[in-house]
Amino acid sequence: MATLLDIKSLVNSKTETCHFLPCEIDFDGGAKVSSFFIKTVSQEFSHEKHISATFRGRPLKGEEVELPTGYTGLVVKEHHKRSTEDEDRNLAAIHRFDKFTHWNLDKTPTPDDSIHRALQWVDISAALYGRSKALTLTMHTACWILQWICQD
């Protein structure tokens, strides 16, 4: 079982704003983000790089995080669900991003947050293995990193 990305979809993917929220949303469809979420975002007075917002009445504190140089984030969609574990997964890129807003619940973001520690792996692996090997290692460990972030 392999996970395959349709390279042609990268050309058609649009650059979008991306938010990394500290919650799980059991919904797979469109949402009026600009109407109901973006309008609640405001700059914090105490720190110029931190922002605050509310989501479903819960306070959030966030900051903009840039991806490491040379990397692009992708939002992918699986058009056809596989019917068995042995089948390959075929993904298509629908959006791309080079930065995203990282949100914490009730806590100001710090460099010790899981997402920052996960992104440090890119620089560490590049220093240890060189850029091309680091990219391969990063792709292989992407699922592990995402699981690690979600568990923290």
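**Close-up views of a predicted model**

**View A. G62 stands opposite W103 in strand β9.** The model is predicted: local features need pLDDT of at least 70, side-chain atom pairs count only at pLDDT 80 or more, and totals for chains, interfaces and linings use all residues. Residues are numbered from 1 along each chain as its sequence is written, and side-chain values use heavy atoms, with hydrogens and water left out. Helices (H or I, at least four residues) and strands (E, at least two) are DSSP runs, numbered from the N terminus. Strands β6 and β9 run antiparallel and are joined by 7 bridges; two strands pair if DSSP finds at least two bridges between them. Strand β3 (residues 19-20) also pairs with β9, in the parallel sense and over 2 bridges. There, F20 stands opposite H102 in β9. Of the 7 residues of β9, 5 are buried, and the strand is mostly covered. Buried means under 20% relative accessible area, exposed over 50%, and partly exposed in between (1.4 Å probe, protein chains only).

**View B. A salt bridge joins the side chains of K99 and E64.** The separation is 3.7 Å, N to O; a salt bridge is a side-chain nitrogen of Lys or Arg within 4 Å of a carboxyl oxygen of Asp or Glu. The pair links distant parts of the chain, 35 residues apart, with K99 in strand β9 (residues 99-105) and E64 in strand β6 (residues 58-66). K99 is partly exposed at 38% relative accessibility, and E64 is partly exposed at 47%. A search of the whole structure finds 3 salt bridges.

**View C. E78 and R89 form a salt bridge.** Their closest N and O atoms are 2.9 Å apart. E78 belongs to strand β7 (residues 73-78) and R89 to strand β8 (residues 89-97), so the pair ties together parts that are 11 residues apart in sequence. E78 is buried, with a relative accessible area of 15%, whereas R89 is partly exposed at 30%.

**View D. K107 and D113 form a salt bridge.** The closest N and O atoms of this pair lie 3.1 Å apart. K107 counts as partly exposed at 43% relative accessibility, while D113 counts as buried at 4%.

**View E. The largest nonpolar core has 7 residues.** Its members are C18, V65, L67, F97, F100, I115 and L119. A nonpolar core is a set of buried Ala, Val, Leu, Ile, Met, Phe, Trp, Tyr and Cys residues joined through side-chain atoms within 4.5 Å. Neighbours within four places in sequence aside, L67 is in contact (heavy atoms within 4.5 Å) with T72, G73, F97, D98, K99, F100 and L119. A second, separate core of 5 residues includes F37, I51, A53 and W103.

**View F. V41 lies in the loop between α2 (33-36) and β4 (42-43).** V41 is partly exposed, with a relative accessible area of 29%. The C-alpha atoms of V41 and S52 are 5.6 Å apart, although the two residues are 11 residues apart in sequence.

**View G. L5, I7, L10, L74 and V76 form a nonpolar patch on the surface.** Together these residues have about 370 Å² of accessible area, as given by the Shrake-Rupley method with a 1.4 Å probe; for residues, only the protein chains shown count as cover. Patches are made of residues with over 30% relative accessible area and no salt bridge; like charges are joined within 9 Å, and nonpolar side chains (Val, Leu, Ile, Met, Phe, Trp, Tyr) within 5 Å. I7 is located in the loop between β1 (3-6) and α1 (8-12), and is exposed at 57% relative accessible area.
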